[in-house]
Amino acid sequence: MAFPSCLKCYPNTLINPQHPPHLHSLSHKPHNTHSSSSSSSSLSFISTKPYHKPFTTQSSLHFTTLTTLSTQLPPNFTTTQLLNALRSQADESSALQLLVWASKQPNFKPTLSIYEEFLRKIDSFEAIKGVMKEVKNSGCEVTRGIFVILVENYAKFGVYDQILSVVDLMDKEFKLKPDTYFYNVLLNTFVEGNKLKLVEDTHLDMVKRGIKPDVSTFNVLIKALCKAHQIRPAILLMEEMPSHGLTPDEKTYTTIMQGYIEEGNFSGALRMREQMLEAGCLCTNVTINVLVHGFCREGRIEEALEFLQGVANEGFYPDQYTFNTLVNGLCKAGHIKHALEIMDVMLQEGFDPDLFTYNSVISGLCKTGQIEEAVELLDQMILRDYRPNTITYNTLISALCKENRVEEATELVRALADKEVPLDVCTFNSLIQGLCLTRKHDKAMDLFQDMKNIGYQPDEFTYNMLIDSLCCRGNIDEALRLLKEMESSGCARNVITYNTLIDGFCKNRRIEEAEEIFDEMELLGVSRNVVTYNTLINGLCKARRVEDACTLMDQMIMEGMLPDKFTYNSILSHFCRSGDIKKAADIMQTMTSNGCEPDIVTYGTLISGLCKAGRVMVASKLLRSILIKGMVPTPHTYNPIIQSLFKRKQSVEAMRLFREMMEKGDPPDALTYKIVYRGLCNSGGPIKEAVDFTVEMMDKGYLPEFSSFYMLADGLCALSMEETLIWLTEVVMERANFSNSEVDMVKGFLRIRKFQDALGTLGSLLESRQPSRRSFW
């Protein structure tokens with residue numbers, strides 16, 4: 001199998017537009033023993049007429065009377081000369097003109113190869129029926145090859161729902177029975193067009209007609225299942241092959257490997273390779289490149305290089321696609337410098353960087369926020385006569401959207417339209433994603449409708465983004481409506497779609513419906529992953545159904561997936577919230593014994609539980625052990641202890657811990673400042689410390705909590721420190737960007753010593769701007 005065939009299937013995705021070779025679009029067609037040759041000598045004809053009427057297709061196109069085309073063909077042309085002349089025509093119109101002229105010549109004989117060549121030139125669906133009528137009237141002996149071209153034309157014009165009518169045309173009009181090869185072509189056409197429902201219908205028709213499948217049939221069906229993210233049914237189908245007297249080949253195994261990789265289950269792909277080798281099936285460059293892609297996709301670049309070294313010792317030699325896969329993998333991992341070094345090695349080995357290579361590096365630069373550098377590389381690419389394609393521009397559009405530069409992305413799309421650069425579904429996906437990220441959900445839905453109205457079919461990425469957006473807003477019913485629309489449009493629903501819905505149901509406390517979606521996945525053959533289980537386990541724990549969560553974790557293990565830190569942290573959080581520290585400690589012990597190292601979230605959750613149970617000293621000791629291990633504590637770890645110390649009136653120790661946090665941990669967050677400020681204002685300690693901290697937190701961009709500020713103001717007034725209160729109030733107004741009229745209003749009350757009125761007005765004004773301020777009101 002030639003590796004370039006799999007380059008055609010690089011999907012135009014948004015997160016990373018340059019994917020390494022995919023097996024989903026590998027051709028599974030066997031050698032066609034029935035197709036006609038381009039030379040008339042290999043065809044037999046049935047013709048009793050000495051003269052043939054001129055060629056007159058029944059298309060909707062109209063042409064004027066033609067002048068002689070003897071400059072292209074002599075009047076005594078041969079069939080081969082006519083075929084060569086047809087191949088040189090740029091479009092349907094010029095090809096038809098040539099045929100009309102040729103059909104008027106006395107030595108013209110219509111041959112199947114001529115009709116086949118003309119069908120390849122057709123650029124209007126209406127002309128097809130006219131050509132097939134000419135074929136039937138010509139008396140040519142027809143083979144299945146012309147119907148293969150017909151199927152390709154139907155796919156080219158997007159009329160997939162009419163392709164099955166070609167079978168009836170063959171059978172009833174031309175008395176030709178479709179064979180295994182022809183059905184393989186049909187199946188593969190539907191898979192490539194992502195028309196998975198038609199794949200099922202075609203296979204049923206094939207079985208109904210009693211046509212035996214061959215290895216290619218199974219390979220195409222397995223490819224369809226993998227495209228639909230149904231890996232388990234694909235494996236079962238492969239296991240069924242021996243009962244038909246067939247043996248899986250390299251395409252079979254590699255397609256399933258690719259399916260596993262697309263599902264994020266690379267260990268499954270490696271297991272499939274072992275099974276392939278045990279069966280005595282040798283790997284080709286395609287298989288090796290797919291596995292290299294799998295390593296790179298997971299960021300396991302060193303392992304990819306080690307794997308390549310191992311297969312190189314067995315005779316493998318890297319090709320253009322191997323280098324491109326490595327460049328792509330390094331760029332995805334953010335190692336742009338190393339990717340450029342691989343490009344140098346490519347040149348040394350005699351491989352020139354191509355459009356895919358440049359697109360990979362541009363994508364890598366965009367992912368690391370180097371958009372201007374990506375534009376510079378784009379300019380270099382153009383100077384070197386490489387024309388950027390839609391993928392190149394989609395990468396830049398996507399990067400701009402992710403940087404919240406949606407307006408710039410929109411301007412770029414308009415510029416591309418003016419330059420007649422073709423847009424695609426990924427262009428719209430980028431803009432929809434940008435609108436979702438900037439919380440312009442209604443505009444995203446409007447663009448979704450516009451996209452459909454002008455003829456662009458949304459893909460699974462489009463639906464997944466919008467379903468996620470709807471779930472985040474709590475609009476679950478509309479998300480379910482989109483799921484149904486996704487199904488009716490023939491768009492495959494994958495594990496991400498279901499994970500998003502399960503998460504949405506859990507966050508909206510509709511846990512039973514989340515469980516129904518979880519069960520539906522098994523019925524539809526959609527493989528669950530660790531994220532699926534973790535999402536539902538977390539939802540069950542928050543619904544206080546921890547026993548069900550533990551049962552689900554056992555099921556997860558039985559499915560061959562090991563619980564990770566997210567699984568354990570969800571169950572640990574439940575026990576800590578309920579104050580059951582003993583069970584929480586048991587979960588942490590189980591986690592460690594199963595080889596899953598606790599992370600800072602685990603420790604922070606346990607510290608919070610200890611503080612809630614009143615065991616602050618134990619929590620402090622656990623914090624010390626974290627620091628000894630070299631871990632960097634987060635505010636989530638410090639905040640519970642600081643809060644507990646303030647509640648115990650141990651403000652000196654609480655402030656010491658706060659200062660330690662600033663020195664040794666992650667920077668304090670909004671909650672930290674709220675806890676400390678409230679503690680200082682309520683503790684009865686030195687009031688100057690509370691005043692100084694008010695200024696300190698405002699310097700960090702946080703406004704004080706008003707209820708605590710009010711208590712501080714009362715203390716200042718009680719100590720006759722009104723001038724300090726006036727100064728502090730003015731600082732708050734300045735940091736909150738009060739207007740002149742608002743400042744004058746508050747200052748008016750302060751001048752006449754109406755401090756209660758001043759504070760009341762201050763609180764109301766601050767509350768009115770709460771949504772757009774980093775404050776605690």
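**Loop residues with positive phi**

I began with Asn194, which counts as partly exposed because its relative accessibility is 28%. The model is predicted. I placed Asn194 in the loop between helix H7 (180–192) and helix H8 (196–208). Its phi is positive, about 60°, although Asn194 is not a glycine. For context I noted that most residues other than glycine have a negative phi.

Ser720 was my next stop, in the loop between helix H37 (706–718) and helix H38 (722–735). Ser720 is not a glycine either, and its phi is positive at about 60°. Is Ser720 buried or exposed? Its relative accessibility is 56%, so Ser720 counts as exposed; the cut-off for that is over 50%.

**His229**

I then looked up His229, in the loop between helix H9 (215–227) and helix H10 (231–240). With a relative accessible area of 8%, His229 is buried. Which side chain does the side chain of His229 meet in a polar contact? I found that of Glu263, at 2.7 Å. Leaving aside residues up to four places away in sequence, I listed what His229 touches: Glu263, Glu460, Ala492, Arg493, Asn494, Gly525, Val526 and Ser527.

**Helix H31**

I checked the length of helix H31 (residues 600–612) first. At 1.5 Å a residue, its 13 residues should span 18 Å, and the end C-alpha atoms are 18 Å apart, so the two agree.

At the start of H31, I found a side-chain oxygen of Asp599 within 3.2 Å of the backbone nitrogen of Val601. After the helix comes Gly614, with a positive phi near 85°.

How many of the 13 residues of H31 are buried? I read 10, so the helix is largely enclosed by the rest of the structure. The buried residues are Ile600, Thr602, Tyr603, Gly604, Thr605, Leu606, Ile607, Gly609, Leu610 and Cys611. Their cover includes helix H29 (565–577), helix H30 (581–593), helix H32 (616–628) and helix H33 (635–647).

**H29 against H31**

I took H29 from that cover and looked at how it sits against H31. The two axes come within 8 Å and cross at roughly 10°. This makes H29 roughly parallel to H31, the cut-off being an angle under 35 degrees. On the H29 side, the contact is made by Asn569, Leu572, Ser573, Cys576 and Arg577. H31 contributes Val601, Thr602, Thr605, Leu606, Gly609 and Lys612. I sorted the contact residues of H29 with H31 into four nonpolar, five polar and two charged. I also noted that an α-helix has 3.6 residues a turn, so residues three or four places apart point the same way.

**H17 against H19**

I looked up a second pair, helix H17 (residues 355–367) and helix H19 (residues 390–402), whose axes come within 10 Å and cross at roughly 5°. That makes H17 roughly parallel to H19. From H17, the contact takes in Leu355, Asn359, Ile362, Ser363 and Cys366. From H19, I noted Ile391, Thr392, Thr395, Leu396 and Ala399. How do the residues of this contact divide into nonpolar, polar and charged? I recorded six nonpolar, four polar and no charged for H17 with H19.

Terms used: Residues numbered from 1 in each chain as written. Predicted model: local features only at pLDDT ≥ 70, side-chain atom pairs only at ≥ 80, totals over all residues. Heavy atoms only, no water. Helix = DSSP H or I, 4+ residues; strand = E, 2+ residues; numbered from the N terminus. Expected span 1.5 Å × (residues − 1). Buried < 20%, exposed > 50% of the residue type's maximum accessible area, 1.4 Å probe, protein only. Contact = heavy atoms within 4.5 Å. Polar contact = N/O pair within 3.5 Å; in protein donor to acceptor, adjacent residues only side chain to side chain. Axes fitted to C-alpha atoms, helices over the stretch in contact; angles between N-to-C directions. Parallel < 35°, antiparallel > 145°, perpendicular 65-115°, else oblique. Nonpolar A, V, L, I, M, F, W, Y, C, P; charged D, E, K, R; others polar.
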